[in-house]
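Student: I'd like to learn how to read pockets in a model like this one. Could you walk me through it?

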Amino acid sequence: MWEIPADNPDGRAFAAILIIFLVIAATFCLLRVYSRRLHRTALDASDYMCFLALFLDIGLTVILWGAFAHGYGQDVSQFGLDDARFSGRIFIAINTLWVGAAVTVRISIILLCVRIFPLRQFRLASWLVIALNVLTFLSIFLASFLICTPIYYAFDKTIPNGRCGDQRKFELFTAIMSLLLDLLL
């Protein structure tokens, strides 16, 4: 079991916040199902996207817990070699799960709005925004794997002739795209 060390109070605080918001998200998903049962309506695509987002969020929380147990939240100078390797290994998973969860939440909201406002122009605009979300997710997913050549170089810098692209710029691109897609919603 991964234990977050006592000398990592920021990691412990982050993990506690993650758990609190995960419980809140799960509660709202359960309330969504309860509401559907109460009104005797079937679950639809917006509900399933919400459940997928929760599933991805659970995965992200587990991986981030492991990250905090391996030094996330501490100064980089306190990272050991094993912590750095672990960090490189989980980079792809964290990025994919975070972007995937954000995209599925957006799609769930859009599908709910399409059901509420069935106007032709709104529906068309909604499907274009969904397509943009999916394409952004796919591009970030692929870039997560392709930013280092070979892929293993991301967590083992001793591989000869390995190289990585600018990961800070990639993370900035990911954050900016997520913000723009949120604003577009």
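Student: Which helix gives the most to the lining of the second largest pocket?

Tutor: Keep in mind that we're looking at a predicted model. To read a lining, you take the residues with an atom within 4 Å of a pocket point and see which elements they sit on. Here α1 comes out on top for the second largest pocket, supplying eight residues. α2, α3 and α5 are also in on it, with at least two residues each.

Student: How many residues line that second pocket, and which lie nearest its centre?

Tutor: There are 22 in the lining, and the ones nearest the centre are Ala25, Ala53, Asp57, Ala101 and Val105. By class, the lining splits into 17 nonpolar, one polar and four charged residues. The space inside is about 490 Å³.

Student: Okay, on to the largest pocket. What volume does it have?

Tutor: About 990 Å³. Its lining takes in 30 residues, and Tyr72, Phe79, Ser87, Phe91 and Glu171 are the closest to the centre.

Student: Which helix gives the most there?

Tutor: This time it's α3, with nine residues. At least two residues each come from α1 (9-38), α2 (45-69), α3 (81-116) and α5 (167-184).

Student: And how do the lining residues of the largest pocket divide into nonpolar, polar and charged?

Tutor: You get 17 nonpolar, eight polar and five charged.

Methods:
Residues are numbered from 1 along each chain as its sequence is written. This is a predicted model: local features need pLDDT of at least 70, side-chain atom pairs count only at pLDDT 80 or more; totals for chains, interfaces and linings use all residues. Side-chain values use heavy atoms; hydrogens and water are left out. On a 1 Å grid over the protein atoms alone, a cavity is a set of points where a 1.4 Å probe fits but cannot get out, and a pocket is an open set with protein on both sides within 12 Å along at least five of seven lines; lining residues have an atom within 4 Å of a point. Grid points are joined across faces, edges and corners, and a volume is the space filled by probe spheres set on the points. Helices (H or I, at least four residues) and strands (E, at least two) are DSSP runs, numbered from the N terminus. Ala, Val, Leu, Ile, Met, Phe, Trp, Tyr, Cys and Pro count as nonpolar, Asp, Glu, Lys and Arg as charged, and the others, Gly among them, as polar.
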